[in-house]
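Here is a short briefing to read alongside the model. Take a look at the chains first, then work through the points below.

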Amino acid sequence: MSYNIPAFRHPNLPKNDLGYTSKDYEGAVSTLCAGCGHDSISAAIIEACFEMSIPPHRVAKLSGIGCSSKTPTYFLGNSHGFNSVHGRMPSVATGANMANRDLLYIGVSGDGDTASIGMGQFVHAVRRNVNMVYICENNGVYGLTKGQDSATTDKGSKSKKGEPNALEPIDLCAIALQLGATFVANSFSGDKDQLVPIIQAAITHKGFAFINVISPCVTFNNTPGSTKSYDFIRQHMASTNTVDYVPPATEITAAYDEGTDERVAMHDGSVITFHKLESKHDIHSRSSALAMMQEFKAEDKVLTGILFIDQDSQDIHEAMNTTAAAPLRSLNADKLCPGSSALEEINNIHR
Amino acid sequence: MKPTDTNNPEYFHKVVDCQYACPAHTPVPEYIRLIAAGRYSDAYMVNWESNVFPGILGRTCDRPCEPACRRGRVEDKPVAICRLKRVCADMKDDITARLPKIPKEKNGFKLALIGAGPSALTVARDLMPLGYEIDLFEATSKAGGFMRQQIPSFRLPAEVIDEETGYILDMGVNAHFNTRIESMKALLEKGYDAVFVGSGAPSGRVLKLPGYELDGGKNVQIGVEWLAQVAFGHQTETPKDVIVIGGGNTAMDCCRTALRLGAENVKVLLRTPISAMVASPWEIEDTQAEGIPILENHNPLEYIVEDGQLKAMKFEVIEYSIEDGREVFTPTGQFETVGCGLVLLAIGQANAFKWIERDLGIEFNEIGLAKVDDVTYQSTHPKVFFGGDAAFGPKNIITAVAQGHQAAVSIDLFLNGKDLQERPDPSTNLLSQKMGIHEWSYASMVSEEERNIVPHVDLDEAIHSHTMEVELGFDAKTALEEAERCLNCDVETVFTADKCIECDACIDICPVDCLTFTKNEEEAQVRRKLNVPAHNLSQDLFVSENLNTGRVMVKDEDVCLHCGLCAERCPTSAWDMQKFLYIAPTAKLEND
């Protein structure tokens, strides 16, 4: 097995505004199973960051434990990273964001890491509206422990063992919507045309951007009875909309149809263009999103695309009014440790 | 686009750029792997089967393979294929036991071959093992033709020619040296079943300028003839000042030889700029490295002869340009006189067929060449075949060999009463290289080593001997390094559409972005839409059958590294790495 990748790249590889090629956004060679959907998500993150000319050293990748949480090694090799304890990525991300609000935080988690052990952490990160991209690589199976059903396995879905799952699944998108998430999307690892612009929109979004990505587990959950196999998703996938990310200060040339197209201006000057495939859906309405999801689920369809966006979202710094004070990382030693006289003063207040 | 038919052997053959570009279609990656494995004799035999003169070609080949090498598109420089070929010739063991057995009982056909150059020797090599009886006629005293007479020994030692021509002569060829055929008519009357003309393009062109008659051919000489005299030891010294006229490889050989025979002041003068010279770049480099000035844009006007003695040559400086694809030489009115005691003319070669009577049924064209079929090499006289420089004018050794193979096939078909246009098929073999779950039987990792330079002998030493070989050849360690640079383009990426689950794994891992899932359209659209658009139109696109989503897998062959990562990351083995061996057809016994 090759753990190395040849150094040569296509001589005509395009360069972005920073003069980088996509090679500068790659990581180590994946050690996940061949064909794992997670690798496609890593490739989509690479493509999104390359196209947006994001300086790799201004990104922090955070993850917990699981197959999904290994993947930050496989993209953005020149970025910061923190591989935390199982399910605890959100609190590490929150802390990092408190200390340094200038980095782009990309959290990568899986269905076990998010919907089971990390559920308590996940929901609070959502309600705090931490400014980050949270990608759940959802394969509906515990792959790292050899294929047990997870909390997101659909009722009746059969993994490699052949036993239908008896329990109701947790729908992470629905939970995020109910908890007040300001950006919620659902996508599929096998559809980069959809996934890449969604990641770009999520990066642009100010606040907590949640993307649930269905990511087939080739080894344990790509069987005929599974609802998270490549074939099943391809046969049952429906989309609310297609999305185009338009960087700031770019002339928009694409045709615009009043009836079905909508442009959403983001806080950094970029524009997300939605081409609605489902005319009833209002992407600015939580209840519309929840209703659509229910409707499609009843028809045995998986609804994908950007489900909800609140472009006026206030992230945790604004909501808690931390913006007036400098972030922790900019404080010097004197400020961080004001000395015993300051301690004495504080103690005196309580005496 | 239509799905690619990989059952057509030419598809995968074209992916092996070096082999495809080689006129004799030598399986280059195959022998390079054998060199890497230290199996030099095996590597030599792979070469010998296809190009007959590995030791000679490993020093002198025009190497059409190297500009074609995929490595040259991935990084700057191609694999040093030619010099690796020399390695297997240098380091092999005695291979005489591996040479084909020659049947004692002959098949009853008797052939005459004219000339003992590369094409005629190839015909002999191919047809002797089939039981033909062969008479070989050579005007000079030794075999080799162009290779012996016109390539100087400091590039190609005589022992190498002796050895490799010897393998063929020792098959029992009736070689008649010092025998110039003066009449084709007389030869045909001797009752040969077929005649092969491989007499080369022996006569160099003359440049008749004012003063030429005064010199009387004494000190204004034709380069190729002068080189032959040096090769046979008839010419051992030169005057101090020598001018070489011409910009091809013969000009380079002439000036370097003159330097070695004691000339103190050798100059090459040519009408064109250096950038438009036809000599191989490496020959120009070697010439310049020996301190020989090359004066460009000099149009020769006159030989200055005083009292019957050549003194100098007069030139006019010209301005060179290309207009509407044609070379234009504009006089500047500036004249130069260059002193010299010898002028060597290397301005091209011509064929001379004065010895072929024009009433034998062998038709000639307007430029004095016999009309020869470019597939069968048969002339308009069914029993007479041509090959090498005698067929279509001066080319190179490897082309002569390739034509010799084809002529041998034709002669064999002809004498067995078969249609000459029905050429035999190549023999091909496609075999998976999978050894384990993610393990291949070839070195799939791509070496980042840069092209190795062949060491030369010390320059001062080199220019004092016209027999001392200038290049030393690679040693075993450098040869291994250089061999590892080969991308193994013959280990093909073989795709099975009905196994593909479209998981994107191959597309994500491919280091050079040569794979894309896309909707099938016209080729121009598909080329534009690929992950990296495919602008190199000389390289094919592989297009699969339709996949489940209605898309197709498209592979741009252009810069594929054959690293096998697509197959390694494929969960269903829809991609596999399979070694494609293509052996160009040669004359063979039916049951071989």
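UniProt positions are given in the numbering used here, feature names are shortened, and annotations may be inferred rather than shown by experiment. With that in mind, the unreviewed UniProt entry annotates residues 65–213 of chain A as "domain: Thiamine pyrophosphate enzyme TPP-binding". This is a predicted model, in which local features need pLDDT of at least 70 and side-chain atom pairs count only at pLDDT 80 or more, while totals for chains, interfaces and linings use all residues. Residues are numbered from 1 along each chain as its sequence is written, and chains are lettered from A and ligands numbered from 1 in the order in which they are written.

**The annotated span of chain A**
- Residues 65–213 of chain A are 34% helix and 23% strand (DSSP runs numbered from the N terminus: helices are H or I of at least four residues, strands E of at least two).

**Where chains A and B meet**
- Chain A brings 23 residues to the contact and chain B brings 27 (two residues are in contact if their C-beta atoms, placed from the backbone, lie within 7 Å).
- On the chain A side, helix 1 (37–51) and helix 8 (230–236) each give two or more residues.
- Helix 1 of chain A provides the largest share of that side, with four residues.

**Domains of chain B**
- Chain B is divided into domain 1 (9–97 + 432–484), domain 2 (101–202 + 351–415), domain 3 (204–347) and domain 4 (492–583), with bounds from an automatic or database domain assignment.
- Six residues of domain 1 of chain B contact seven residues of domain 3 of chain B.
- The centres of domain 1 and domain 3 of chain B, taken over C-alpha atoms, are 34 Å apart.
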